[in-house]
Amino acid sequence: MKTLYKVTTTTCGTCTMVLPHWNKVKSDPIFSDIKFEELVADTSPEAMEKARQFKVVQLPTFILEEDGKEVKRHTGFASEKQLRDLIS
């Protein structure tokens, strides 16, 4: 199974700008087999720990895992096309 993680914080302006693109891709039926998980690192100790495990140093960071292994990563602003390309 594939999981796309979005690592953000509540104070990240770029993370807010990417939200409409994230929501559009997340709601596309073509990606119904993908699990979308948002990790808001400054609101949850579990999310912060997962961000540390991923060694996230810049926000937002998008990480695609397949069968528990990281296969792709994108850091910074991501358009809808960039998110679709990351998953494909």
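## An aromatic cluster

Let's start with the rings: Trp22, Phe36 and Phe62 are linked into a cluster by ring pairs. The model you are looking at is a predicted one. Searching the whole structure turns up three aromatic pairs. One of them joins Trp22 and Phe62, whose ring centres are 6.1 Å apart, with 35 degrees between the planes, and this pair counts as tilted. The pair bridges distant parts of the chain, since Trp22 sits in helix 1 (residues 13–26) and Phe62 in strand 3 (residues 61–66), 40 residues apart.

Are these two residues buried or exposed? Trp22 has a relative accessible area of 1%, so it counts as buried. Phe62 is buried too, because its relative accessibility is 0%.

Four of them make up an open sheet with mixed pairing, in the order 2-1-3-4. At the edges are strand 2 (34–40) and strand 4 (69–75), each of which pairs on one side only. From one strand to the next, the twist averages 20 degrees.

Strand 1 (residues 2–8) and strand 3 run antiparallel and are joined by six bridges. To find your way along strand 3, look for Ile63: Tyr5 stands opposite this residue.

## Helices across the sheet

Which strands does helix 2 (residues 45–53) lie across? They are strand 1, strand 2 and strand 3, and the helix runs at about 105 degrees to strand 2.

Helix 3 (residues 80–87) lies across strand 1, strand 2, strand 3 and strand 4. Its direction is at about 165 degrees to strand 4.

Definitions and conventions. Residues numbered from 1 in each chain as written. Predicted model: local features only at pLDDT ≥ 70, side-chain atom pairs only at ≥ 80, totals over all residues. Heavy atoms only, no water. Phe/Tyr/Trp six-rings, centres within 6.5 Å; stacked < 30°, edge-to-face > 60°. Helix = DSSP H or I, 4+ residues; strand = E, 2+ residues; numbered from the N terminus. Buried < 20%, exposed > 50% of the residue type's maximum accessible area, 1.4 Å probe, protein only. Pairing = 2+ DSSP bridges. Axes fitted to C-alpha atoms, helices over the stretch in contact; angles between N-to-C directions. Contact = heavy atoms within 4.5 Å.
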